[in-house]
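Have the viewer open as you read, and follow the strands along with me.

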Amino acid sequence: RIISQDPMDNTIIAKNADFAVLWQVINVGANAWDSNSVDYHYLSGEKLHKQSVYDLPNSVPTGGQTDIIVNMKAPKQEGTYLTNWSLRVGKQNFCKLKVTVVVK
């Protein structure tokens, strides 16, 4: 479950600016997330990312939390952009992550 996100949806980002999205997530499932088998990856939407797959930074026990960080770059054109990410184990996606930014 997502417990916080920075920047929040509809935050204004300067054209062509580098920025990072941080989601703080808590493991509310029955199984621990092993950093050797869980990663997070780009699913759909605008390709704002600099890297499309990241390893989970650390293992997360049930009830534990971790920070998910994706480095991004704003497009050169103004507009509203949505990008979708997800944690996954193998080919199974869980804990969908999304952010919408407004580029001006």
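1. Let's begin with a strand pair: S1 and strand S3 (residues 18-26) run antiparallel and are joined by four bridges. Strands here are DSSP runs (E, at least two residues), numbered from the N terminus, and two strands pair if DSSP finds at least two bridges between them. Within this pair, Gln5 sits opposite Trp23 in S3.

2. Before going further, a word on the ground rules. This is a predicted model, in which local features need pLDDT of at least 70 and side-chain atom pairs count only at pLDDT 80 or more, while totals for chains, interfaces and linings use all residues. Residues are numbered from 1 along each chain as its sequence is written, and side-chain values use heavy atoms, with hydrogens and water left out.

3. On confidence, pLDDT is the predictor's own score for each residue, from 0 to 100. The protein chain has a mean of 96, and 100% of its residues reach 70 or more. Among its elements, S2 has the highest mean pLDDT (98) and S5 the lowest (95).

4. The pair from point 1 belongs to an open sheet of three strands, in the order S1-S3-S6 with antiparallel pairing. Strand S1 (2-6) and strand S6 (65-73) are the edge strands, each pairing on one side only. From one strand to the next, the twist averages 15 degrees; the axes behind such angles are lines fitted to C-alpha atoms, and angles run from 0 to 180 degrees between N-to-C directions.

5. There is also an open sheet of five strands, ordered S2-S8-S7-S4-S5, with mixed pairing. Its edges are strand S2 (11-13) and strand S5 (53-55); each has a single partner strand, so one side of each lacks a neighbour in the sheet. Direction ignored, neighbouring strands of this sheet are turned by 35 degrees against each other on average.

6. Which strands does S7 pair with in the antiparallel sense? Strand S7 (residues 79-89) pairs that way with strand S8 (residues 92-103) over eleven bridges, and seven bridges join S7 to strand S4 (residues 38-45), also antiparallel. Thr83 is a handy landmark: it stands opposite Val99 in S8 and is the bridge partner of Gly45. Further along the sheet, S4 and S5 pair antiparallel over three bridges, with His41 opposite Val53 in S5.

7. Finally, have a look at Thr100 in strand S8. Thr100 counts as buried because its relative accessibility is 13% (buried means under 20% relative accessible area, exposed over 50%, partly exposed in between, with a 1.4 Å probe and protein chains only). Leaving aside neighbours within four places in sequence, Thr100 is in contact (heavy atoms within 4.5 Å) with Met8, Asp9, Asn10, Thr11, Thr80, Tyr81 and Leu82.
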